[in-house]
Amino acid sequence: MTRVLIADDQALLRGSFRVLVDSAPGLEVVGEASDGAEAVALTRVERPDVVLMDVRMPEMDGIEATRRICAETAVRVLMLTTFDLDEYVYSALRAGASGFLLKDTRPADLLAAIEVVASGDALLAPSVTRRLVAEFARLPSGPVTRLAGVTVREQEVLTLIARGLSNDEIAQRLHLGIATVKTHVGRLLHKLAARDRAQLVIAAYESGLIRPTPPV
C-alpha cells in the first residue's frame, strides 16, 4: 500500500481528498494536517510515502513544511494549489517537492500522480513546466560550477532530462541501452545530491548547462 498524508487548511477539501485516495486500490490515507507545522509533525510519526501538500496554509506554509520534511526524511511531497503562480512553482521544487499540480486536476490524474511520485519519479503539470522554464529564463547566468565530477556523457543525459525526455527517449536519442541510461541517471542523482528528476532539472538550469529561451 502507498501511504498518503493530506495537508490542507480546508477541512472540506481534506475530507474530499481522503475519500478519493481511500477509494483507490493500493492507496490509503494515514493522516490529515491542517497546517504546515502539523504536516511536519505527522510526517515524523507516520512516515507516509507521499504527502499531498497545500501551498497556502496558516502558521507554516506548504513550502516551508516541504523544506523541513525533505531535509529530514525521504518522504515524497506532491504540491497542490489553486494558485498557478510562478513563485510557488520554483520555491516548491527548490524546497524538494517531487510534483506540483493544480487543484482542478482530474481525480484520476491526481491518483496517478501520487503513484508516480511514490515510485520515485517527478511529475509536473504542463502549465507548471512552462512557468518553471520561464522562471529559469529570468535567473542570471553564472559559471557552470555544480557539475564538477559529471562526465560528458552524463551531461548529455542531464541535458535531455531537463528537456523533458523519458529514459526510453534518451536511450533512443543517444543510441544507448535503457539499462545504461538508468545507470547514468542514478549516478547523476548521487553526484548532484538530487532526490529525483525534478531536482536534476533544477541542477541543469541553475548550473548553466542549458539555457531556456526567455519569453518574447
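Thr 81 has 0% relative accessibility, so it counts as buried. Keep in mind that this is a predicted model.

**Exercise 1.** Work out where Thr 81 is found and what it is in contact with, leaving aside neighbours within four places in sequence.

*Solution.* 
- Step 1: Start with the secondary structure. Thr 81 sits in strand E4.
- Step 2: Check the burial. Buried means under 20% relative accessible area, and Thr 81 is at 0%.
- Step 3: List the contacts, skipping neighbours within four places in sequence. You get Asp 54, Val 55, Phe 100, Leu 101, Leu 102 and Lys 103.
- Step 4: Pick one partner and compare sequence with space. Phe 100 is 19 residues from Thr 81 along the chain, and their C-alpha atoms are 8.1 Å apart.

**Exercise 2.** Find which residues of helix H1 are buried, which are exposed, and how the buried ones are arranged around the axis.

*Solution.* 
- Step 1: Get to know the helix. H1 has 12 residues and spans 16 Å from first C-alpha to last, close to the 16 Å expected at 1.5 Å a residue.
- Step 2: Pick out the buried residues of H1: Arg 14, Phe 17, Leu 20 and Val 21.
- Step 3: Look down the axis of H1. The buried residues fall within an arc of 130°, so they line one face of the helix.
- Step 4: Recall a handy rule. An α-helix has 3.6 residues a turn, so residues three or four places apart point the same way.
- Step 5: Turn to the other side of H1, where Ala 11, Leu 12 and Val 19 are exposed.
- Step 6: Ask what covers the buried residues of H1. The cover includes strands E1, E2, E3 and E4, plus helix H5.

**Exercise 3.** Describe how H1 and H5 pack, and say which class of residue makes the contact.

*Solution.* 
- Step 1: Read the geometry. H1 (residues 11-22) and H5 (residues 107-118) pack at about 70°, with their axes 11 Å apart.
- Step 2: Name the arrangement. Angles of 65 to 115 degrees count as roughly perpendicular, so that's what H1 and H5 are to each other.
- Step 3: List who touches whom. H1 brings Phe 17, Leu 20 and Val 21, while H5 brings Pro 107, Leu 110, Leu 111 and Ile 114.
- Step 4: Sort them by class. The contact of H1 with H5 has 7 nonpolar residues, no polar ones and no charged ones.

**Exercise 4.** Zoom out: how many helices and strands does the protein have, and what share of its residues is buried?

*Solution.* 
- Step 1: Count the elements: 10 helices and 6 strands.
- Step 2: Look at burial. Of the 216 residues, 48% count as buried.
- Step 3: Take the contacts between residues at least 6 apart in sequence. Of these, 67% join residues at least 24 apart.

Technical notes: Residues numbered from 1 in each chain as written. Predicted model: local features only at pLDDT ≥ 70, side-chain atom pairs only at ≥ 80, totals over all residues. Heavy atoms only, no water. Axes fitted to C-alpha atoms, helices over the stretch in contact; angles between N-to-C directions. Helix = DSSP H or I, 4+ residues; strand = E, 2+ residues; numbered from the N terminus. Parallel < 35°, antiparallel > 145°, perpendicular 65-115°, else oblique. Contact = heavy atoms within 4.5 Å. Nonpolar A, V, L, I, M, F, W, Y, C, P; charged D, E, K, R; others polar. Expected span 1.5 Å × (residues − 1). Buried < 20%, exposed > 50% of the residue type's maximum accessible area, 1.4 Å probe, protein only. Arc of directions from axis to C-beta.
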